[in-house]
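Keep the 3D view open as you read.

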Amino acid sequence: MEVRINKSKLELVEGDITRQDTEAIVNAANSRLAGGGGVDGAIHRAGGPQIMAECKKIGGCPTGEAVITSGGRLKAKYVIHAVGPVYRDGRHGEPELLAGAYKYSLKLASENKIKSIAFPSISTGAYGYPIRNAAEIALSTVINYLNSHPEIELARFVLFSADAYVLYETVLKELTKA
Ligand code: ADP
């Protein structure tokens, strides 16, 4: 599915984020930038050791924020490592922290003149964020940003399963009345 938000394109696809041809891909990182399973492991495996070397130099990233490295051997020139919250009960700042992870990623994209960016569904794997709530936050945060930042020409969500894709599609339709 694809919609236009102001001057930008917002896309949903089902697939593997490591294979995207956007200028930047976003990693669902942990605050130590230590690598791990899920999308984080897949990005480091596909991108090679250069990315981890840069992460080690940076040292860490607070939850709700993001840092940027090169893309190593990936097609993407950059990896933006965003740290989403571990979900507890939704009353420990999780919504704001999840929105922050997306906002910081987009801010880094703008600052680095990145025009196309691909996101995974941050925090909805090992970090346990209920996916419907996470999709609402993810999509509304990105839509808000695109509305005032036409320099981002393409924002793409790459969903790893058909179920996640359908869920994001349902929420995007609700948010845009598409
Ligand atoms: P978190 O710790 O932030 O929850 P995970 O990597 O465990 O991060 O999961 C985040 C989401 O990324 C999950 O929905 C998972 O299905 C998805 N995912 C895992 N591998 C990939 C991949 N290669 N491309 C895109 N999404 C992926």
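Where is Ile122 found? Ile122 is in the loop between β6 and α4, a helix that covers residues 131-148. One thing to keep in mind from here on: this is a predicted model.

**Loop residues, buried and otherwise**

Is Ile122 buried or exposed? Its relative accessibility is 1%, and buried means under 20%, so Ile122 counts as buried. If you click on Val26 as well, you'll see a residue 96 positions away from Ile122 along the chain, with 8.9 Å between the two C-alpha atoms.

Now go to the loop between β3 (24-29) and α1, where you'll find Leu33. Arg32 is found in that loop too, between β3 and α1.

You'll find Lys113 in the loop between α3 (94-111) and β6 (116-119). Lys113 counts as exposed, because its relative accessibility is 67%.

Two further loop residues fall into the partly exposed class. Gly72 lies between β4 (66-70) and β5, and its relative accessible area is 39%, so it is partly exposed. Ser161 is found between β7 (154-159) and α5 (162-176); with a relative accessible area of 31%, Ser161 is partly exposed. The side chain of Ser161 also has a polar atom 3.0 Å from the backbone nitrogen of Ala164.

**Pairs separated along the chain**

| Pair | Separation in sequence | C-alpha distance |
|---|---|---|
| Arg32 and Cys61 | 29 residues | 6.5 Å |
| Gly72 and Ile25 | 47 residues | 12 Å |
| Ser161 and Val13 | 148 residues | 9.8 Å |

**A histidine in a strand**

Next, have a look at His81. Which element holds it? His81 sits in strand β5, residues 78-83. His81 counts as buried because its relative accessibility is 1%. What does the side chain of His81 contact? Its partner is the side chain of Asn27, and the polar contact between them is 3.2 Å.

**Around the ligand**

Finally, the ligand. Which pocket does it take up? The space taken by the ligand is the largest pocket. There are 15 residues around the ligand, and Asp16, Val39, Ser123, Gly125 and Ala126 come nearest.

If you sort that shell by class, you get eight nonpolar, six polar and one charged residues. Which element gives the largest share of the shell? That is helix α1 (residues 38-47), with three residues.

Which atoms of the ligand pair up with polar atoms of the protein? A nitrogen atom of the ligand lies 2.9 Å from a polar side-chain atom of Asp16. With Val39, it's the backbone: one of its N or O atoms lies 2.8 Å from an oxygen atom of the ligand. Tyr127 also takes part through its backbone, where a polar atom is 3.0 Å from an oxygen atom of the ligand. How much of the ligand does the protein bury? Taken alone, the ligand exposes 560 Å², and the protein buries 86% of that.

Terms used. Residues are numbered from 1 along each chain as its sequence is written. This is a predicted model: local features need pLDDT of at least 70, side-chain atom pairs count only at pLDDT 80 or more; totals for chains, interfaces and linings use all residues. Side-chain values use heavy atoms; hydrogens and water are left out. A residue is near a molecule or strand if one of its heavy atoms lies within 4 Å of it. A polar contact is a pair of N or O atoms within 3.5 Å; within protein, one must be able to donate a hydrogen and the other to accept it, and residues adjacent in sequence count only if both atoms are side-chain atoms. Accessible areas come from the Shrake-Rupley method with a 1.4 Å probe; for residues, only the protein chains shown count as cover. On a 1 Å grid over the protein atoms alone, a cavity is a set of points where a 1.4 Å probe fits but cannot get out, and a pocket is an open set with protein on both sides within 12 Å along at least five of seven lines; lining residues have an atom within 4 Å of a point. A molecule sits in a cavity or pocket if more than half of its atoms lie within 2 Å of its grid points. Helices (H or I, at least four residues) and strands (E, at least two) are DSSP runs, numbered from the N terminus. Ala, Val, Leu, Ile, Met, Phe, Trp, Tyr, Cys and Pro count as nonpolar, Asp, Glu, Lys and Arg as charged, and the others, Gly among them, as polar. Buried means under 20% relative accessible area, exposed over 50%, partly exposed in between (1.4 Å probe, protein chains only).
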